[in-house]
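Hi everyone, thanks for coming. Let me put the structure up on the screen, and then we can walk through it together.

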Amino acid sequence: MDRTIAIGDIHGCATALQALLDAIEPTSTDTMVTLGDYVDRGMESSRVLEMMTELVSSTRLIPLIGNHELMMFKALKNRGDDLNFWMTHGGNATVASYGGRVQNIPQHHLTFLSHCVRFHETDSHFFVHANYVPDLPLEEQPDEMLFWEHIKEHIPPPHFSGKTAVVGHTPQGDGEMLIFDHLHVIDTYCYGDQWLTALDVNTGDFWQADNNAELRRGNLEAT
Ligand SMILES: [Mn+2]
């Protein structure tokens, strides 16, 4: 059966991403939903974007936009204060991965980023980078919620659609997914020496890899 697999915030962790892909072996009929924040903080953003551009042709890739892609776009467009802001929020690591010069970022990486989308939904799940307003359709979600608002003390109630939300953005410092029936938070803090998570949303099977390419796997029902 074709799988729908969500991958949390990669943040330049190319070794962990490669270990996950080696374990999952996505085919051309699997749908891979990456939740955004491909760049920044981790050391290999350039390599991550190269891997993403390769995934476009090998699987059904649905890449979402994260707030770090938004910061990067703004920085490259406006330079000045926007560039300084990005550099102090992890952009320095991204630029370093391109040899220290933003001019070295190849066009096909920028083209990939420009094709990323705000959200994705299936019959049973929806996917956004950060958060959601429970009573608004996905098309009407404000940027502040989709890209920026962390999930901390306030756990949002179920979305009115009845679909399960799958989100990243709020790093889980202990490396474990935050799981509710109506909401799965799968940013498991890979750049902070925890795990990068991939979750098959229909079966509950998950894979986690770290920056040493160590792999562990499980199932949500069994944990
Ligand atoms: Mn984020």
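Predicted model: local features only at pLDDT ≥ 70, side-chain atom pairs only at ≥ 80, totals over all residues.

Residues are numbered from 1 along each chain as its sequence is written.

Back to D193, then. You can find D193 in the loop between β8 (183-185) and β9. Its phi is positive, about 65°, although D193 is not a glycine. When I say helix or strand, I mean DSSP runs numbered from the N terminus: H or I of at least four residues for helices, E of at least two for strands.

E25 follows α1 and sits in the loop between α1 and β2 (31-34). Phi of E25 is also a positive value, near 45°, in a residue other than glycine. With 8 C-beta neighbours inside 10 Å, E25 counts as exposed.

Now step back into α1 itself. Here eight of the 11 residues are buried, among them L17, L20 and I24. The cover over those buried residues includes β1 (4-7), α2, β9 (196-200), β10 (205-209) and β11 (215-219).

In soluble globular proteins, nonpolar side chains tend to be buried together. A nonpolar core, for us, is a set of buried Ala, Val, Leu, Ile, Met, Phe, Trp, Tyr and Cys residues joined through C-beta atoms within 7 Å. The largest one here has 52 residues, and A6, L17, L20 and L196 touch the most other members. Helix α1 (residues 14-24) gives the most to this core, seven residues. Setting aside residues up to four places away in sequence, L20 touches I7, L196, A198, W207 and A209. Touching, or contact, says that two residues have C-beta atoms, placed from the backbone, within 7 Å.

Next, a pair of helices. Helix α2 (residues 45-58) and helix α5 (residues 107-114) pack at an angle of about 65°, their axes 10 Å apart. So α2 is roughly perpendicular to α5, a label for angles of 65 to 115 degrees. The axes are lines fitted to C-alpha atoms over the stretch in contact, and angles run from 0 to 180 degrees between N-to-C directions. On the α2 side, L49, M52, T53 and V56 make the contact, and on the α5 side H108, H109 and F112 do.

Take a closer look at F112, which is found in helix α5. Which residues does F112 contact, leaving aside its neighbours within four places in sequence? They are L49, M52, T53 and V56. The C-alpha atoms of F112 and L49 are separated by 8.0 Å, with the two residues 63 apart along the chain. With 19 C-beta neighbours inside 10 Å, F112 counts as partly exposed.

Key:
Buried ≥ 20, exposed ≤ 12 C-beta atoms within 10 Å, placed from the backbone. Parallel < 35°, antiparallel > 145°, perpendicular 65-115°, else oblique.
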